[in-house]
Amino acid sequence: MTSSILRIDASARRDGSVSRDLSDRIIARFPGAAVTTRDLAPGLPLIDETWVGANFTPEADRSDEQRATLALSDELIAELKDADTLVIGLPIYNFGVPATLKAWVDLVARAGVTFRYTEAGPEGLLTGKRAIVAVASGGTEAGSEIDFATGYIRHVLGFIGITDVTFVTADRLALDMDATLNAAHSQIDALPVAA
């Protein structure tokens with residue numbers, strides 16, 4: 001049963017955002033769940049040389065400055081670890097994910113923390129979680145050869161151990177908004193609430 005949800009909003013828009021509306025509807029399917037919201041619209045810092053240096057310094061050897069550099073990353077990862085379900089609002093911008101969502105990925109995909117390297121290849125460490133991704137696009141068809149967002153987010157989530165991923169798609173809204181939204185709402189109504 002879903003008891004704790006991490007909601008990630010990646011839309012630059014707050015008013016009129018389809019992905020935010022779909023996320024609202026998805027979360028309403030889980031009454032009683034504790035919801036933590038991470039709104040990426042204000043932006044996130046990009047990783048840089050200082051961040052990489054801090055990340056690759058063994059934890060016991062990090063300076064106070066390095067710990068401070070990684071503090072936001074640690075906070076984002078703690079949110080992920082605490083949730084049993086992720087609800088990600090994913091608008092498709094220029095065929096891919098919004099830059100703020102890519103910045104979030106860069107901050108949470110940390111070797112030894114959310115994944116590890118083994119002789120058999122990378123292994124995700126955040127197992128036993130579920131993700132529901134609310135996709136909105138004006139003209140890009142989800143799953144098509146020009147969609148570089150949904151495959152990317154599925155791969156990244158799997159890389160950190162989250163392999164139970166469901167997409168609710170409101171794609172190609174510019175062609176027939178009403179029919180597209182009705183189809184997405186039907187997908188939400190069909191979501192299993194116990195997973």
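Modeller: Rings of Phe, Tyr and Trp (for Trp, its six-membered ring) count as a pair if their centres lie within 6.5 Å; the pair is called stacked if the planes are under 30 degrees apart, edge-to-face if they are over 60, and tilted for the rest. The model is predicted, and local features need pLDDT of at least 70, side-chain atom pairs count only at pLDDT 80 or more, while totals for chains, interfaces and linings use all residues. Residues are numbered from 1 along each chain as its sequence is written, and side-chain values use heavy atoms, with hydrogens and water left out.

By the ring rule there are two aromatic pairs. In the pair of Phe 115 and Tyr 117, the ring centres are 5.3 Å apart and the planes stand at 85 degrees, so this pair is edge-to-face. Phe 115 also pairs with Phe 159, with 4.4 Å from centre to centre and 45 degrees between the planes, and this pair is tilted. It links distant parts of the chain, since Phe 115 belongs to strand E4 (residues 115-118) and Phe 159 to helix H5, 44 residues apart. Helices (H or I, at least four residues) and strands (E, at least two) are DSSP runs, numbered from the N terminus. Together, the ring pairs link Phe 115, Tyr 117 and Phe 159 into a cluster.

Phe 115 is buried at 5%, Phe 159 is partly exposed at 26%, and Tyr 117 is exposed at 59%.

The strand that carries Phe 115 has a partner, and two strands pair if DSSP finds at least two bridges between them. E4 and strand E5 (residues 121-124) run antiparallel and are joined by four bridges, while a hairpin of two residues connects them. Within this pairing, Phe 115 stands opposite Gly 124 in E5.

A nonpolar core is a set of buried Ala, Val, Leu, Ile, Met, Phe, Trp, Tyr and Cys residues joined through side-chain atoms within 4.5 Å. The largest such core has 35 residues, and Leu 157 is one of those with the most contacts inside it, as are Leu 80, Leu 86, Leu 101, Trp 104 and Val 133. Among the elements that each supply at least two residues of this core are H5, E6 and strand E3 (85-91), and the largest share, six residues, comes from H4. Leaving aside residues up to four places away in sequence, Leu 157 touches Leu 86, Ile 88, Ala 131, Val 133, Ile 162 and Val 165, where contact means heavy atoms within 4.5 Å. A second, separate core of 18 residues includes Ala 33, Ile 132, Val 168 and Ala 184.

Lastly, Ser 137 lies in the loop between strand E6 (130-136) and helix H5 (150-159). At 4% relative accessibility, Ser 137 is buried.

Terms used:
Buried means under 20% relative accessible area, exposed over 50%, partly exposed in between (1.4 Å probe, protein chains only).
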